[in-house]
Amino acid sequence: EVQLVESGGGLVQAGGSLRLSCAASGFTFDDYAIAWFRQAPGKEREGVSCISSSDGTTYYRDSVKGRFTMSSDNAKNLVYLQMNSLKPEDTAVYYCTADHSRCKYGMDYWGIGTLVTVSS
C-alpha cells in the first residue's frame with residue numbers, strides 16, 4: 001500500500017524558510033514520479049514541483065523557481081521541499097504526491113497535507 005506522510009509545515013514570516021518532508025512507503029522511488037502540490041483557501045489546487053520518473057528532471061512552477069528546491073533521498077524514501085524567501089501567497093496546504101507513470105495534475109497517490117502559513 002502506497003503511503004505518503006508530510007511534515008514540516010507551520011507559521012513563518014514573509015522572507016523566512018521552511019523545509020517540508022514527505023515519508024513515502026509502499027513503492028520504489030525510481031519507478032514513480034513524485035510531486036508537491038498545494039491548495040490555498042478558496043483557490044484551485046496547483047502543482048509546485050515534480051521529479052520525473054523517466055529521467056529525474058525536476059520541474060517547478062514559475063512562481064517558485066529560484067526559491068523552492070525539491071530533493072529526494074531514495075535510500076530513505078524521503079522527499080523534501082526546501083522553501084526560501086517565502087511570501088504570503090505561498091500560504092496553502094502542501095501535499096506530497098506520487099504517480100506510477102509521470103508528473104501530471106491527477107497524481108495517483110496523495111498524502112493528507114501539511115499547512116504552511118506565511119504572515120506578512
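Predicted model: local features only at pLDDT ≥ 70, side-chain atom pairs only at ≥ 80, totals over all residues.
Let me start with Met83, which, if we set aside its neighbours within four places in sequence, is in contact with Gly16, Ser17, Leu18, Leu20, Arg67, Phe68, Tyr94 and Val116.

Which residues touch the most other members of the largest nonpolar core? That core has 28 residues, and Met83 belongs to the group that does so, together with Leu4, Phe27, Trp36, Phe68, Leu81 and Tyr94. At least two residues of this core come from each of several strands, including S3 (18-25), S4 (33-39), S8, S9 and S11 (114-119). Apart from this core lies another, of six residues, with Ala33, Ala35, Tyr95 and Met107 among them.

Now to the strands. Four of them form an open sheet in the order S1-S3-S8-S7, with antiparallel pairing, and its edge strands are S1 (3-7) and S7, each of which pairs on one side only. Neighbouring strands in this sheet are turned by 15° against each other on average, if direction is ignored. Between S7 and S8, which run antiparallel, there are six bridges, and Asp73 has Leu78, in S8, as its bridge partner.

Is Asp90 buried or exposed? Asp90 is buried, because its relative accessible area is 1%. A polar atom of the Asp90 side chain lies 2.8 Å from the backbone nitrogen of Lys87, and, leaving aside neighbours within four places in sequence, Asp90 is in contact with Arg38, Arg67, Phe68, Ser85, Val116 and Val118.

Conventions. Residues numbered from 1 in each chain as written. Heavy atoms only, no water. Buried < 20%, exposed > 50% of the residue type's maximum accessible area, 1.4 Å probe, protein only. Polar contact = N/O pair within 3.5 Å; in protein donor to acceptor, adjacent residues only side chain to side chain. Contact = heavy atoms within 4.5 Å. Core = buried A, V, L, I, M, F, W, Y, C linked by side-chain atoms within 4.5 Å. Helix = DSSP H or I, 4+ residues; strand = E, 2+ residues; numbered from the N terminus. Pairing = 2+ DSSP bridges. Axes fitted to C-alpha atoms, helices over the stretch in contact; angles between N-to-C directions.
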